[in-house]
Amino acid sequence: MRVTRSKPRRRRGISTVIAGTIIILLIIVGVIPLLMLYLSTSQTVLNTYNTKSTYEELKELEDIEANVSDNTLTIANKGAVPVDISFITLSNSEDVCSIILSLYDYITRTVPDPVIDESNVMLNSLQKVVRIEQGGYIKLNITGLIQQGAEDVCSIVTARGNVIKVPKIEVAQKAQAIIITPVTIDATALTERTDITVNENEIQPATPDSPGIGMSRISPDGTSITALLRYFVAESADGSESLKIIGLNNDGSCNISFNNIYIGYSPEWSRNRRVPARYNIMITGYEPLNIKVSKDGANVIIYGDNTYIENTTDYYKIVLPQMPYRIKIIDYIPSSGNLVLYYDRDYNGSLDRLVNEDALGYWWLYSDQYVSKDKKVQKGYIELNGNASQIIVYLTAYDMGLNINESSYDPYFFSADVDGNGYPEFVFITEDEGCSITETTSNPEAELANDVGHGSNKLIDYTWSDDWSTKKFLVNLTGYTVNGADMAFVQVAIKLYFHDNLYDNPAHRGNLYSLTEEIYYNNRPVIGLYVVDAETGKIVSSREWQYQELDNYENTFPPSKSSVVLTATLPIPQSGIYYLAIGFLDPYSNSAIDYLTNWECSGEGKDDGDFIIAIEVIGLTYYARP
Amino acid sequence: MKGQASVLTMIIMTALALVISLAIWNLFMSTASIQSEQALTVSTLARESARISVVELSSVKVNSSNPKYRFAFQISTLDYQPVTLYLMILHSVTTSPKPTSFTLYELASPSADIADTSTLILISNSTVNEKANSDNVMIRPVNSNEYAPLSIYYDATIMPYRIFLPGEPKCYIIEVSADAVSDYAQLVILIKINSKYYQIATLPLS
């Protein structure tokens, strides 16, 4: 009985278990796919989210810089991920950024290749993008686009959708000045400069065999046109200061009287300032001259005959009678360590002894003949005893017995740091023996000229020497060109000293007929600034300063000068390449033949006037087009 | 008899359990199917919206008797893979978005001024437009994370432009009336999933 009772109970239990198992299995079969689907969907969404995050992060990490300068577009990848450039946008003639350019197509289709430079750049032909790796850059010439009507680059577009604005140079920003390093000019190195060009015929050594062109002067006796030429040149073989300059004084020095003298530091020494100091000296005189130059280690050239040269075993002795001369002494180092100049600085009749820095400057005597008896200036002179690297003596061709009526500017150019500020002056000098003044007893000021022994009613310096330009000398700053498409104006500032030998009485200026003043036409240009077309050489814009403008900056006697800055703002044509040129000339007595035949100075072409124009620095400021 | 009754009871219970299980299984599978389709749609939308980039490059106003604006925009796929997109412009999107007609161009040359139609190529709507019932156009109204059929606001047939991107960034230009632009217009980028069009990106036109 126990057995028969227990079997159904066991079967019921088994069937329940089976039924439960089936139910559970069915539930599992239904739930698991659903659960798996849920998990799969979640995973997909998560992956998509991650992908989206990655794209967004990559987009955020893009960092490119772009700028345009001189028609060159530079795009640089400064970020941490490669950047694919797809398009750039440009502005049209109405300054609307409406031009869309495929950068890939521009690079691959443009002839010639617009790529100026690149680094880590790849052209992706599949996606038609320009890929710039991290740290890479590309520089593109966009001149062709501009020629097709595009005005400026507006933005750079990446394939990830970043639009990077290219900084637009606003008018105010573009108007910012670009200051070029001040340009200094050294006369001795003009032909070696790569940034400056000149007419070499106008700067070449003015030798009798090849005198060059550009300048003429009247002969000392006023009877013919002649030229200032090299007569004696001594230079050390190796460019060192091995030339010995001595004289006949007991201490071996020589005194050279001058009518005017210019003393400054050697330009090279002025920049380095290594002891001992070296000086460049230019002496213009008339009094007899005795100077000895040692032969040891020297290359010596004597032009013309050697009438005025005594050739001894050890020395060349230069003995000049009273005649106009000019001497350049380069890299002079005084043996005593002291450069000594004797000059009546106060015009009180006694000579002051000026040493070293005190002796630097421009000094004029105009000889005692021009000073009243009560204020008679003694002859000033420089005491020379030392070494130099080069000595050049100039005489007129007339005094050398040569019939030459034109020379280069060589005798009239000189470089020295006269004010000791580190910038050498480029000096154009035609002043020589004296100031241009007439003798007349009716003019109280003319008491200065009472002692003149050249007869009455004569322009004194006519009887001595007068220089003038036959051609304007141009210093072409060809190394500083400007593109008219970019720049609208160039402002030029020139720091200079000016002095003339024209007596300063405005009441008499232009009153040549009464023989009380020196020039008739006081409006002739003396210095000018010119904008020159680099292709044609044509002057397209200019500013010239007339004598009467510059006259305000100086006093002829007692001599004084001012350091002035002349500025000019010159327009630049809208296209083409241009450079700046500076022109000098001495425009007076350039019709000398007239006054040779009409000595009474009664008409046009009888003007006289000599100048010093000393240019120290030239500053150029460009103003960009808006 | 008791034994037979027990067996019968067990059979009935088993059958009942089987029926219930089948019903539950069917319910689960139905739910899973719906969930699967929705999940597929969601994941597709998420993927496509993640890899599509649209950005405006430029815009100009075209002066004529009927003032218009032209907008240049770049569409690119961030994975450089192909995609087919549909373009539509809705105005008044802040309140009652409605489609507005527009003209589609592409660049005729590597360099083109969008202000000058001579440098553009007109994309004819007769070749690329699709007819779509607004019930099947799913947009995302302002301030909503949910898709809603466009028919809520505009119950009619629309014709979005179909464009195909082979993988490279492309520039398109749309021309639309100035009135629409002034009325809060947006360029809407759509993709098509199972005969329905889903918004994946927008670009305000202003």
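Biologist: Which strand of chain B does β4(A) pair with, and in which sense?

Modeller: Start with the general idea. Strands of a sheet pair through backbone hydrogen bonds, either parallel or antiparallel. Now the case here, in a predicted model. β4(A) pairs with strand β6 of chain B, residues 111-113. The sense is antiparallel, and there are three bridges. One pair to look at is A:Ile100, whose bridge partner in β6(B) is B:Ala112.

Biologist: How many residues of each chain are in contact with the other chain?

Modeller: On chain A, 46 residues are in contact with 45 residues of chain B. Four elements of chain A each supply at least two residues to that side: α1 (2-61), β3 (83-91), β4 (99-102) and α2 (103-109). The largest share comes from α1(A), with 23 residues. By type, the side of chain A that touches chain B has 26 nonpolar, 13 polar and seven charged residues.

Biologist: Let's move to chain B. How many helices and strands does chain B have?

Modeller: Chain B has three helices and 15 strands. The chain holds 206 residues, and 32% of them are buried. Look at its contacts with a separation of 6 or more: 65% of these are between residues 24 or more positions apart.

Biologist: In what order do the five strands of the open sheet in chain B stand?

Modeller: The order is β1-β2-β13-β5-β7, with antiparallel pairing. β1 (52-62) and β7 (120-123) of chain B are at the edges. Each has a single partner strand, so one side of each lacks a neighbour in the sheet. On average, neighbouring strands of this sheet are turned by 30 degrees against each other, direction ignored. For one pairing, take β1(B) and strand β2 of chain B, residues 68-77: they are antiparallel over 10 bridges. Within β2(B), B:Tyr69 stands opposite B:Lys61.

Biologist: How do I read the two faces of a strand?

Modeller: In a regular strand the side chains alternate between the two faces of the sheet.

Biologist: Which residues are the bridge partners of A:Leu341?

Modeller: In β23(A), the partner is A:Leu354. In β25(A), A:Ile382 stands opposite A:Leu341. β22(A) runs antiparallel to β23(A), with four bridges joining them. β22(A) also pairs with strand β25 of chain A, residues 381-384, in the antiparallel sense over three bridges.

Biologist: What should I look for in backbone angles?

Modeller: Most residues other than glycine have a negative phi, and most peptide bonds are trans. Phi of A:Asn120 is near 55 degrees, a positive value. A:Asn120 lies in strand β5 of chain A, residues 115-124. Phi of A:Asn356 is also positive, near 50 degrees. A:Asn356 sits in the loop between β23 (352-355) and β24 (361-364) of chain A. As for the peptide bond, the one from A:Val275 to A:Pro276 is cis, with omega near 0 degrees. A:Pro276 is in the loop between α5 (267-272) and β16 (279-285) of chain A.

Biologist: Why does A:Asn120 count as partly exposed?

Modeller: Count C-beta atoms inside 10 Å. A:Asn120 has 14 such neighbours, so A:Asn120 counts as partly exposed. A:Asn356 has 15 within 10 Å and is partly exposed too. Now try B:Val142, in the loop between β9 (137-139) and β10 (148-149) of chain B. B:Val142 has 12 such neighbours and therefore counts as exposed. Leaving out residues up to four places away in sequence, B:Val142 touches B:Val93 and B:Thr94. B:Thr94 is 48 residues away along the chain, yet the two C-alpha atoms are separated by 6.2 Å.

Biologist: Which element of chain A has the lowest mean pLDDT, and which the highest?

Modeller: Where pLDDT is low, the predicted coordinates should not be read in detail. The lowest mean, 42, belongs to helix α4 of chain A, residues 171-174. Strand β21 of chain A, residues 325-334, has the highest, 94. For chain A as a whole the mean pLDDT is 78, and 79% of its residues reach 70 or more. Over residues 170-176 of chain A, pLDDT stays under 50. Over residues 367-375 of chain A, the pLDDT is below 50 as well.

How values were computed: Residues numbered from 1 in each chain as written. Chains lettered and ligands numbered in written order. Predicted model: local features only at pLDDT ≥ 70, side-chain atom pairs only at ≥ 80, totals over all residues. Pairing = 2+ DSSP bridges. Axes fitted to C-alpha atoms, helices over the stretch in contact; angles between N-to-C directions. Contact = placed C-beta atoms within 7 Å. Nonpolar A, V, L, I, M, F, W, Y, C, P; charged D, E, K, R; others polar. Buried ≥ 20, exposed ≤ 12 C-beta atoms within 10 Å, placed from the backbone. pLDDT = per-residue confidence, 0-100.
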